[in-house]
Amino acid sequence: MFFSFIIPVFNRPDEVEELLESLTKQSVKDFEVLIVEDGSSVTCEKVCKKYEGRLDLHYFKKANSGPGQTRNYGAERARGEYLIILDSDVVVPEGYLAAVSKELESNPTEAFGGPDAAHESFTPTQKAISYSMTSFFTTGGIRGGKKGLDKFYPRSFNMGVLRDVYLKLGGFTKMRFGEDIDFSYRIVEAGYRPRLFPDAWVWHKRRTDFRKFFRQVYNSGIARINLEKRHPGTMKLVHLLPTVFTIGVIVLVLLAAVARALIHYDAANWHMWYMVCLAALSPILLYSLVIFIDSTRKNRSLKVGLLSIPAAFTQLMGYGFGFIESWWKRCVLKKDEFQAFEKTFYK
């Protein structure tokens with residue numbers, strides 16, 4: 001069984017080197033690697049040349065068109081029976097391809113995906129962000145966990161598809177955000193059944209600070225409405241929870257602020273002021289405590305546990321704000337996805 005790894009890259013040569021190094025250590029060697037540079041100003045060409053003798057490596061450059069179209073460019077040039085799509089910010093463990101091969105040999109499927117995890121070498125912030133993206137208490141465990149609140153749909157950080165199926169469906173669309181879920185939906189709608197390969201996991205760096213992380217999840221919130229417009233009925237309760245959470249946090253904070261403004265703070269009534277504010281903010285404090293305890297236990301680090309609190313709020317509220325903006329523009333103002341978010345799409 002021959003595999004083709006397709007990796008779109010945009011200005012991330014250091015990440016590509018880590019990924020390529022991890023691919024040299026695979027116990028299964030029957031694969032090729034296609035690195036597709038998507039109009040980068042800082043290319044990874046020199047990095048790729050270092051691995052030409054160690055991997056069946058093919059390096060391509062193209063004009064910037066976004067990750068989806070860049071993956072399609074690689075797929076058209078791939079020779080593998082299965083195409084494995086990875087993001088450039090992942091690292092694969094030694095047994096990754098062996099786990100994929102074992103699953104396919106025992107129970108063949110047209111499409112699959114695997115979970116992601118944080119490596120021990122990741123910074124505390126990266127570990128906290130990874131926790132917020134994979135925890136049951138934030139995403140409901142739908143991003144590759146065994147027990148999620150939604151069906152499993154492969155995502156582009158770790159996705160495999162039969163090459164014939166990929167080409168038959170036309171690969172990824174020009175959606176800038178959510179294009180991987182759109183592709184997964186089209187795979188299912190075509191009658192195929194993507195499977196989760198729990199042992200084919202990757203280390204996923206994600207974003208390195210909360211500002212970049214907010215932008216990422218904000219765009220994911222935008223994408224959810226666009227996905228529902230393209231695939232009616234795919235929006236589930238779990239997709240609405242971040243927006244409900246966002247509105248709830250805003251309401252509770254406003255209640256506490258109003259109480260502070262209306263209740264005169266002095267020695268006679270400070271107890272009333274304290275109790276009203278505490279009652280308003282107690283759900284937020286309780287949720288923060290749950291996140292702190294769960295993340296500290298899983299990461300075995302008090303620092304990561306503490307950082308997981310702002311990471312969780314960033315993940316949920318960033319997604320929520322993006323969802324609300326997209327709902328307003330797409331559902332209320334009736335704009336199409338390109339009109340509503342011209343800057344977030346590649347033409």
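Buried means under 20% relative accessible area, exposed means over 50%, and partly exposed lies in between. These legends describe a predicted model.

**View 1. Arg 176 sits in a loop between two helices.** The loop runs between α7 (163–169) and α8 (179–189). Is Arg 176 buried, exposed or partly exposed? Its relative accessibility is 22%, so Arg 176 counts as partly exposed. Now find Ser 220. Arg 176 and Ser 220 are 44 residues apart in sequence. In space, their C-alpha atoms are 10.0 Å apart.

**View 2. Helix α1 has buried residues that pack against other elements.** Helix α1 covers residues 13–23. Which of its residues are buried? They are Pro 13, Glu 15, Val 16, Leu 19, Leu 20, Ser 22 and Leu 23. An α-helix has 3.6 residues a turn, so residues three or four places apart point the same way. The buried residues of α1 pack against the strands β1 (3–9), β2 (31–38), β3 (57–62), β4 (82–86) and β5 (90–91). They also pack against helix α2 (45–50).

**View 3. Strand β8 is mostly covered.** This strand spans residues 158–162, and five of its five residues are buried. Asn 158, Gly 160 and Leu 162 point one way. Met 159 and Val 161 point the other way. In a regular strand the side chains alternate between the two faces of the sheet.

View 4. Leu 86 has Asn 158 of β8 as its bridge partner.

Notes. Residues numbered from 1 in each chain as written. Predicted model: local features only at pLDDT ≥ 70, side-chain atom pairs only at ≥ 80, totals over all residues. Heavy atoms only, no water. Helix = DSSP H or I, 4+ residues; strand = E, 2+ residues; numbered from the N terminus. Buried < 20%, exposed > 50% of the residue type's maximum accessible area, 1.4 Å probe, protein only. Contact = heavy atoms within 4.5 Å. Pairing = 2+ DSSP bridges.
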